[in-house]
Amino acid sequence: MKAGLYLSEKNVRVGELAKPVLKENEALIKVAYAGICGTDMMIYSGKHPRAKAPLAMGHEFSGMIEEINGESPFNIGDRVVIEPTISCGKCDACLSGNSHVCKTLKLIGIDSHGGFAEYVAVPLHRLHRVPNSLSDSHAALAEPVAVGIHTVRRSNVKVGDTVVVLGAGPIGLLIALTAKLAGAGKIFISDISPYRLGKAEEMGFIALDGKQVDVVEHVKEDTNGVGADVVFEVAGNSVTAEQMIHVCRTQGQIVVVSVFKQPPTIDLAAMHFRELSLTTTRCYSSADFATAVRMMASGQIDVTPLISHELPLEEIEKGFELMTNPEDSLKVLFRPHA
């Protein structure tokens, strides 16, 4: 079968893989759409600690069931979206109902071949049915939507709160959108990409260009010197690691979403004297994923503004080139089949 393969640092090509042979309790998925994620960009840059070449990346994907091996409530021909996390089921986290923070958590598309291919073998319990009201292209974004839902659920966002989101990539925008649905009153979102800030404005948020304004001072001026009730750090750099502390109000909450490539230096004393709360978040639970599909299908969450490009898989090199420049793209989707 055709597959888009990561071969080495900044080297992706269309090649061939053997079509998967199903194990027990697996389904063969004919991939409809698969999106590039920030984790895929980390693999592409050669910096992911687990991903090994050659690899068909892609853990955000939708498709149709072509074969089933095992008992299942699904049928051949069903449209599905894939929850890509694979947990051990034995560690303390798994046994306490928190398999999304499994000690040895793995993901389809990182630890095994994923959606940048014509077909993928997926465990039956990782499938979610796609309602008729949800398109295949939008369904492919259920995974990042689930990240946004899980993140806001981990936060203390309440009706009328002032929220700051540091980073206007797809995850940042989805967190802002979910925080709005949760009742946030005023939502600021910062970035240094005019293109992404334009998307944030289109979605109804207050966009702050970090190159043009002092994000911390702007938010404080707008809040009579108070600051934000909840701050989401979604950019993963030293600048936003500092901003997240000083833009947060006394006894406010910081939620760190980014996976920092380098450990940042943060001012713990500034947090200590103002009793700031620091929360971290990792991916999503199965309940979050199911909620994401339901909210997208109902129209509560519309991912249309996030999809900047839809490309055939043959243009995988172009897709990754686009994603290296935030002025050109937001979410790139591949179509493995013509």
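Reader: Where is glutamine 251 found?
Author: Glutamine 251 is in strand β15, which covers residues 248-256. Keep in mind that this is a predicted model.

Reader: What is the phi of glutamine 251?
Author: Phi is near 60° there, a positive value in a residue other than glycine. Most residues other than glycine have a negative phi.

Reader: Is glutamine 251 buried or exposed?
Author: Glutamine 251 is exposed, because its relative accessible area is 56% and the exposed class begins over 50%.

Reader: Which residue has a positive phi of about 45°?
Author: That is cysteine 283, which is not a glycine either. Cysteine 283 sits in the loop between β16 (277-280) and α10 (286-298).

Reader: Peptide bonds next. Which two residues does a cis peptide bond join?
Author: Alanine 53 and proline 54, with omega at about -5°. Proline 54 belongs to the loop between α1 and β4. For background, most peptide bonds are trans.

Reader: Ok, the inside. How many residues are in the largest nonpolar core?
Author: The largest nonpolar core has 88 residues. Phe116, Leu127, Val165, Phe232, Ile301, Phe320 and Phe334 have the most contacts inside it. Apart from that core lies another, of 18 residues, including Phe188 and Met271.

Reader: What is leucine 127 in contact with?
Author: Setting aside neighbours within four places in sequence, leucine 127 is in contact with Ala27, Ile29, Ile65, Phe74, Val80, Val81, Ile82 and Val122.

Reader: Why would residues like that sit together?
Author: In soluble globular proteins, nonpolar side chains tend to be buried together.

Reader: Which residues of helix α11 are buried?
Author: In α11, residues 316-323, the buried ones are Ile316, Gly319, Phe320, Leu322 and Met323. They cover an arc of only 155° around the axis, so they are on the same side of α11.

Reader: Why does a helix do that?
Author: An α-helix has 3.6 residues a turn, so residues three or four places apart point the same way.

Reader: What covers the buried residues of α11?
Author: The cover includes strands β1 (2-8), β2 (11-16), β17 (307-312) and β18 (331-335), along with helix α1 (38-44).

Reader: New topic. How many salt bridges does the structure hold?
Author: The structure holds 13 salt bridges. One of them is between arginine 13 and glutamate 317, with the closest N and O atoms 3.0 Å apart. Arginine 13 is in strand β2 and glutamate 317 in helix α11, so this pair ties together parts 304 residues apart in sequence.

Reader: How accessible is arginine 13?
Author: Arginine 13 is partly exposed, at 39% relative accessibility. Glutamate 317 is partly exposed as well, at 35%.

Reader: Which residue does arginine 50 form a salt bridge with?
Author: Aspartate 111, and the closest N and O atoms are 2.8 Å apart. Arginine 50 is in the loop between α1 and β4 (55-56), while aspartate 111 is in the loop between β8 (106-107) and β9 (119-123), 61 residues apart.

Reader: And what does the side chain of aspartate 78 meet in a salt bridge?
Author: The side chain of arginine 129, at 2.7 Å, N to O. Aspartate 78 lies in the loop between β5 (60-69) and β6 (79-82), and arginine 129 in strand β10, so parts 51 residues apart in sequence are tied together.

Reader: Is aspartate 78 buried or exposed?
Author: Aspartate 78 is buried, because its relative accessible area is 16% and buried means under 20%. Arginine 129 counts as partly exposed, at 40%.

Note on methods. Residues are numbered from 1 along each chain as its sequence is written. This is a predicted model: local features need pLDDT of at least 70, side-chain atom pairs count only at pLDDT 80 or more; totals for chains, interfaces and linings use all residues. Side-chain values use heavy atoms; hydrogens and water are left out. A nonpolar core is a set of buried Ala, Val, Leu, Ile, Met, Phe, Trp, Tyr and Cys residues joined through side-chain atoms within 4.5 Å. Buried means under 20% relative accessible area, exposed over 50%, partly exposed in between (1.4 Å probe, protein chains only). Contact means heavy atoms within 4.5 Å. Helices (H or I, at least four residues) and strands (E, at least two) are DSSP runs, numbered from the N terminus. The arc is that of the directions from the helix axis to the C-beta atoms. A salt bridge is a side-chain nitrogen of Lys or Arg within 4 Å of a carboxyl oxygen of Asp or Glu.
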